[in-house]
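Welcome! Take a moment to look over the sequence and the model below, and then we can walk through it together.

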Amino acid sequence: MPKEKFQNVTTWVFDLDHTLYPPDANLFHGIQEKMTGYVMRELKLEYQEAAELRSRYWREHGTTLASLMLNHGIDPHPFLDEVHDIALDALSPDLDLVDSLHNLPGRRIVFTNGSKEHARRVTRARGIDGAFDAFYGIECAGFTPKPHRTAFDRVIELDGFEPGTAAMFEDEARNLEIPYELGMQTVLVGQKSDQAYIHHQTDDLTGFLRNLA
Ligand SMILES: [Mg+2]
């Protein structure tokens with residue numbers, strides 16, 4: 001019974017993209033296209049080359065931005081502003097999700113590899129911004145992304161929570177390995193994985209949270 005596993009959880013950590021809104025909103029595609037455009041312009045590449053490089057960089061370092069900083073010394077701030085400047089029309093308020101988040105006992109935070117401002121805009125569009133106590137973007141983690149341990153260490157220190165009393169919700173399995181090692185309950189949302197570091201999996205975040213309260 002999952003409920004018992006969450007009995008001592010007092011900090012609830014949520015990824016943003018494809019965790020707090022469904023992938024079919026296709027928002028991330030818009031961000032990826034902006035990133036590809038950025039790579040084309042800055043590195044003077046054709047579309048296909050730029051798209052492949054963006055994807056390879058994401059695989060290698062957790063975010064395209066991390067690789068662009070490392071390999072090309074780009075300034076992260078204008079990059080983040082540009083790639084997150086997308087329309088959020090595809091998102092609608094989710095009153096059931098708001099309700100299930102509010103019922104969780106303790107502190108609720110967002111931890112995204114996107115920018116903090118992106119997290120605020122997206123949660124506002126979903127009507128769930130008021131359910132969160134804090135938002136942590138990539139800039140809060142010194143631009144080191146999940147799945148790297150440094151990113152988790154920084155956010156845990158900033159927020160001041162004890163990993164042994166926390167749970168992490170994510171749509172990317174690889175981002176749950178370190179939380180598992182740190183003693184957090186790990187929940188994979190909307191995806192399937194047979195990795196041992198995944199404690200729980202669900203296609204229905206709202207329903208899953210409702211069963212915990
Ligand atoms: Mg995600």
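Into which domains is the protein chain divided? In this predicted model, the chain falls into domain 1 (2-21 + 90-210) and domain 2 (27-83). Their centres, taken over C-alpha atoms, are separated by 24 Å. Where the two domains touch, domain 1 contributes 14 residues to the contact and domain 2 contributes 10 residues. On the side of domain 1 that touches domain 2, the residues are seven nonpolar, five polar and two charged.

Next comes the core. The largest nonpolar core is made up of 49 residues, and V13, V110, A167, M168 and F169 have the most contacts inside it. Both domain 1 (2-21 + 90-210) and domain 2 (27-83) give residues to this core, so it lies between them. If you set aside its neighbours within four places in sequence, V13 is in contact with I109, F111, A166, A167, M168 and F169.

Now let us turn to a pair of helices. Helix α2 (residues 27-43) packs against helix α5 (residues 76-83) at an angle of about 135°, and their axes are 9 Å apart. The two helices are therefore oblique to each other. Here are the residues that make the contact:

| Helix | Residues in the contact |
|---|---|
| α2 | I31, K34, M35 and Y38 |
| α5 | F79, E82 and V83 |

Of the residues in this contact of α2 with α5, five are nonpolar, none are polar and two are charged.

Terms used. Residues are numbered from 1 along each chain as its sequence is written. This is a predicted model: local features need pLDDT of at least 70, side-chain atom pairs count only at pLDDT 80 or more; totals for chains, interfaces and linings use all residues. Axes are lines fitted to C-alpha atoms, for helices over the stretch in contact, and angles run from 0 to 180 degrees between N-to-C directions. Helices (H or I, at least four residues) and strands (E, at least two) are DSSP runs, numbered from the N terminus. Angles under 35 degrees count as roughly parallel, over 145 as roughly antiparallel, 65 to 115 as roughly perpendicular and the rest as oblique. Two residues are in contact if their C-beta atoms, placed from the backbone, lie within 7 Å. Ala, Val, Leu, Ile, Met, Phe, Trp, Tyr, Cys and Pro count as nonpolar, Asp, Glu, Lys and Arg as charged, and the others, Gly among them, as polar. A nonpolar core is a set of buried Ala, Val, Leu, Ile, Met, Phe, Trp, Tyr and Cys residues joined through C-beta atoms within 7 Å. A residue is buried if 20 or more other C-beta atoms lie within 10 Å of its own, exposed if 12 or fewer, and partly exposed in between; C-beta atoms are placed from the backbone. Domain bounds come from an automatic or database domain assignment.
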